[in-house]
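Please keep the sequence and the structure in view while reading.

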Amino acid sequence: MRHKALRQYLNLIHSQRNNRRRESRRHVTTALNTDMYEFTMLRSAVADGTADKAATFEVFARSLRNGNRYGVLAGTGRLLDAIEDYRLDTDTLDWLLDTGIIDPATREWIGDDWTFTGRITGYREGELYFPNSPVLTVSGRFGEAVLLETLILSVLNHDSAVATKAARIRAAAGTRTVIEMGSRRTHEDAAVAAARATAIAGFDATSNLAAARAYGIKAVGTAAHAWTLAHRTEAATFDAQIAALGVDTTLLIDTYDIETGTREAIAAARRAGRTGPGAIRIDSGDLALESKRCRRILDEAGATTTRIVVSGDLDEHTIATLTDAPIDGYGIGTKVVSGLTAPGFVYKLVEIADTNGMRPVSKEAEGKRTVGGRKRAWRETTAHGHAAIEHVATPMGNATPQCVGGELRNLIVELWDGSRTDRSTVADARTVNAAAIAELRDDALAVHPGTPTVLTIVTEPR
């Protein structure tokens, strides 16, 4: 009886714990990942009736930052996940009401367990964008569309900054392997998002296990310098690593002396019955000089298949200087996950319901002017298949732009219509990006600053 009572007690505790976990998941919402003024605008909109007016907002960047010749749109899939989790449940609404952020009238307007019921269209994730490209369009009642602004911009600005940088690095690396390994240089959640964005832009693998599991990205990683320092000798380090992970592992050879480390790596592989290890990694020093020296030592020892991987604050500019070095792969960390300049995406109202239908609205402030009206977008390619012009037009403008010699590709797809309609994967976005990059002229892939490689033509309402 005593054992039966104990089992019943343990089962009760287990059940309560699972219930708490379910309740915790149920109340996770992205609705408060926002600025307060989204709700104060809603409060005012409810008071004067604007909240129920049909409205359209667009996301675009006025320019490309840092002399980039193109931008890569990333984060759309994560954003749709976040909008699915955007729920104004009772607990959240009670807190907003108790703190005075919303008033009873706004609480009544929102209702119970609110979710976004409007429509979202936009560019496919992984697509390139240029100045004034309407990468995302949100339609619905003003009151609900206005709430999504901060969430949309925080996701798209972060992920697109990473993906654009990663695409430039990918282009500079050519066919060499590129691995994302920057988790320790940014916020833990941003690390997962960054790994996802680099995969879209063509990186081959990530060191971040959360990203690998969530998005099906290849995970790689072997050892840091602490592993070498934990042993009395490099020989003991390499022997232990090969014994545990196999001779195809990557040995970090720059803890003490790079030339000696290379020779110790060869010796350890030979003790395991192979001419050389799968790869060696250099994380310091003059990478061009050291990689050449290591390659010579490896080749003289017959370890011609041993790969050389380098890391250490690399980006597209440093990689461009290593083109002639005998390097097989790059590990990219800090420069692709932190300290990046956001694309400058903005979320602007472009039309709102009026007595005569949808009225285009635009901002006239100097340097921040916008074009009113919902946009459509096409990309025109030349007869040689190179992206040349981004056509952006409102329905009141030209219905379809004229295309001479090449093809015209529609850029806008449906993403959300009352609920999520797009379920594209990271692999899908990677394919989109590869195809879009392939349309660029060779000079568009240069790492030095330049101007947008595609001309944007915006046809305004007549």
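The paragraphs below take the pockets and then the helix pairs.

The model is predicted, with local features needing pLDDT of at least 70 and side-chain atom pairs counting only at pLDDT 80 or more, while totals for chains, interfaces and linings use all residues. Residues are numbered from 1 along each chain as its sequence is written, and side-chain values use heavy atoms, with hydrogens and water left out.

The largest pocket holds about 910 Å³ of space. A pocket here is an open set of points on a 1 Å grid over the protein atoms alone, where a 1.4 Å probe fits, with protein on both sides within 12 Å along at least five of seven lines; lining residues have an atom within 4 Å of a point. Its volume is the space filled by probe spheres set on the points, which are joined across faces, edges and corners. Of the 32 lining residues, M181, A223, R281, S311 and G331 are the closest to the centre of the largest pocket. Two or more lining residues come from each of β6 (177-180), β9 (279-282), β10 (307-311) and β11 (329-332), and β10 gives the most, with three. Strands (E, at least two residues) and helices (H or I, at least four) are DSSP runs, numbered from the N terminus. By class, this lining has nine nonpolar, 14 polar and nine charged residues; Ala, Val, Leu, Ile, Met, Phe, Trp, Tyr, Cys and Pro count as nonpolar, Asp, Glu, Lys and Arg as charged, and the others, Gly among them, as polar.

The second largest pocket has about 420 Å³ of space. R78, V155, D189, A190 and A193 lie nearest its centre, out of 15 lining residues. Helices α3 (76-84), α7 (149-173) and α8 each give two or more residues to this lining, which has seven nonpolar, five polar and three charged residues.

Helix α8 (residues 188-200) also packs against helix α16 (residues 426-438): their axes, lines fitted to C-alpha atoms over the stretch in contact, come within 8 Å and cross at roughly 45°. Angles run from 0 to 180 degrees between N-to-C directions. The α8 helix is therefore oblique to α16, as angles under 35 degrees count as roughly parallel, over 145 as roughly antiparallel, 65 to 115 as roughly perpendicular and the rest as oblique. R196, A199 and I200 of α8 make the contact (heavy atoms within 4.5 Å) with V426, A429, R430 and N433 of α16.

The axes of α11 (residues 234-245) and α12 (residues 258-271) come within 9 Å and cross at roughly 45°, so α11 is oblique to α12. The contact between α11 and α12 has six nonpolar, two polar and four charged residues.
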